[in-house]
Amino acid sequence: MGAFNMLIGGIKNFIATGAEMEVLFLQLEGFTGSAESAADAYQRFVEIGQATPFTAKQVATAARTMMGFGIETSTA
């Protein structure tokens, strides 16, 4: 039963993470003005995440916060 509960927990986490990333991408579209620019920004966040101890989600969340305060997307 423990393995089953772990499997269900993993599936829930996977779905929650997917939903969070979808919301983040939609917000990036709003900040950048297009889906293409949002995809480019997100790809850059992934690259930064791979080169640092942070996850892409952490990098994107920080950048989203900075953009919310008016910092240009390229700078954030």
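Here is what to select, stop by stop.

This is a predicted model, where local features need pLDDT of at least 70, side-chain atom pairs count only at pLDDT 80 or more, and totals for chains, interfaces and linings use all residues. Residues are numbered from 1 along each chain as its sequence is written, and side-chain values use heavy atoms, leaving out hydrogens and water.

Start by colouring by pLDDT (the predictor's confidence in each residue, from 0 to 100). The chain's mean is 83, and 100% of its residues reach 70 or more. Helices here are DSSP runs (H or I, at least four residues), numbered from the N terminus.

Next, select Phe4 in helix H1, residues 2-32. Phe4 counts as partly exposed because its relative accessibility is 48%, and that class lies between buried (under 20%) and exposed (over 50%), using a 1.4 Å probe and protein chains only.

Now go inside: which residues make up the largest nonpolar core? Select Met21, Leu24, Leu28, Ala38, Ala41, Phe45, Val59, Ala60, Ala63, Met67 and Ala76. Such a core joins buried Ala, Val, Leu, Ile, Met, Phe, Trp, Tyr and Cys residues through side-chain atoms within 4.5 Å. H1, H2 and helix H3 (56-68) each give two or more residues to this core, with the largest share, 4 residues, coming from H3.

Last stop: Glu47, in helix H2 (residues 35-51). Glu47 is partly exposed, at 37% relative accessible area. Its C-alpha atom is 14 Å from that of Ser74, 27 residues away along the chain.
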